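I opened my notebook to record what I could look up, step by step, in one structure.

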Amino acid sequence: MGTAPLTAENLGFRYAGTPVLHGVNLRVEPASMLAVTGPNGSGKSTLLHLLAGVVRPSEGVVRRAPATRVALLPQRTGDIDALPLTVAECVRIGTFTPSRLLPRRTRQDRAATADVMDRLEIAHLARRRLRELSGGQRQRTLLAQAFVQQADVYVLDEPTAALDTRTRRHVHDLLRDRVRAGAAVIIASHDHDEASLAAHTLTLGTATPNPPAGR
Ligand SMILES: Nc1ncnc2c1ncn2[C@@H]1O[C@H](COP(=O)(O)OP(=O)(O)OP(=O)(O)O)[C@@H](O)[C@H]1O
């Protein structure tokens with residue numbers, strides 16, 4: 001078994017003393033997909049935030065292998081609408097890195113941005129402001145920002161919740177492509193078909209292999 005880009009040991013989280021997660025253990029392998037499922041309020045978003053490192057655990061530890069790059073698509077991104085960004089600018093943020101925060105983009109960055117915008121069918125919206133988008137168009141823009149990142153781990157919270165059937169298929173193709181390219185993908189989903197894209201499912205702290213998907 002190779003080096004896992006991400007592991008969690010005995011992870012727990014409390015909001016102001018109220019326990020949400022307890023004793024979560026997981027290991028995410030390269031070139032694999034993990035689905036996190038469970039009812040509303042069971043802690044899926046909280047777990048994804050912990051795994052992406054935007055929230056610190058109350059118990060246990062999240063370990064990322066050295067130099068592991070994590071791309072996060074959060075479920076709630078309300079504040080971003082207040083920024084006077086166009087769709088193209090918002091997607092381009094995904095190509096920035098801590099060592100390259102100014103928009104000196106490489107040809108590879110430009111090609112990756114154009115490819116993802118085409119695949120998510122937002123190229124025609126490139127100059128539109130975020131606040132002028134429909135819910136699904138906004139979701140596609142934020143997905144493009146996540147997918148354009150050259151990440152080792154993609155952490156995507158309900159990535160297709162607002163999307164039409166055709167766009168969902170494009171997103172699922174992108175997920176499979178990233179896994180084939182060696183990335184690990186973690187998705188939270190309420191959709192059984194979507195969760196079955198993943199080789200493993202974590203439901204409220206219990207990891208079980210999925211039966212082989214008929215695909
Ligand atoms: N900022 C917060 N402060 C206090 N409690 C919170 C906060 N965010 C979430 N919670 C609570 O933590 C629990 C888990 O929330 P979380 O959003 O992780 O669940 P979820 O499984 O992603 O839910 P959903 O399926 O509805 O998206 C819920 O009971 C929720 O009310």
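The entries below follow that order, and they concern a predicted model.

**Entry 1: the ligand**

I began by asking which residues surround the ligand. The list I wrote down consists of Tyr15, Val20, Gly38, Asn40, Gly41, Ser42, Gly43, Lys44, Ser45, Thr46 and Gln75. When I sorted this shell by class, I counted two nonpolar, eight polar and one charged residues. I then looked up which element gives the largest share of the shell, and found that helix H1, residues 44-52, supplies it with three residues.

**Entry 2: the nonpolar core**

Next I turned to the largest nonpolar core, which has 52 residues. The residues with the most contacts inside this core are Leu51, Ala144, Val153, Tyr154, Val155 and Ile186.

**Entry 3: strand E1 and its partners**

How many bridges join strand E1 and strand E2? I found seven, with E1 (residues 6-15) and E2 (residues 18-28) pairing in the antiparallel sense. As one point of reference along this pair, I marked Leu6, which stands opposite Val28 in E2. The two strands form a hairpin with two residues between them, and Ala16 in the turn has a positive phi of about 45°.

I then checked strand E4 (residues 59-64), which also pairs with E1 in the antiparallel sense, here over five bridges. On this side I marked Glu9, whose bridge partner in E4 is Val61.

**Entry 4: two positive phi angles in loops**

I looked up Ala31, which is not a glycine and yet has a positive phi of about 55°. Ala31 lies in the loop between E2 and strand E3 (32-37). Is Ala31 buried, exposed or partly exposed? Ala31 counts as partly exposed, because Ala31 has 14 C-beta neighbours inside 10 Å.

Glu158 is found in the loop between strand E6 (153-157) and helix H5 (165-180). With 20 other C-beta atoms within 10 Å, Glu158 is buried, since a residue counts as buried at 20 or more.

Terms used. Residues are numbered from 1 along each chain as its sequence is written. This is a predicted model: local features need pLDDT of at least 70, side-chain atom pairs count only at pLDDT 80 or more; totals for chains, interfaces and linings use all residues. A residue is near a molecule or strand if its C-beta atom, placed from the backbone, lies within 6 Å of it. Helices (H or I, at least four residues) and strands (E, at least two) are DSSP runs, numbered from the N terminus. Ala, Val, Leu, Ile, Met, Phe, Trp, Tyr, Cys and Pro count as nonpolar, Asp, Glu, Lys and Arg as charged, and the others, Gly among them, as polar. A nonpolar core is a set of buried Ala, Val, Leu, Ile, Met, Phe, Trp, Tyr and Cys residues joined through C-beta atoms within 7 Å. A residue is buried if 20 or more other C-beta atoms lie within 10 Å of its own, exposed if 12 or fewer, and partly exposed in between; C-beta atoms are placed from the backbone. Two strands pair if DSSP finds at least two bridges between them.
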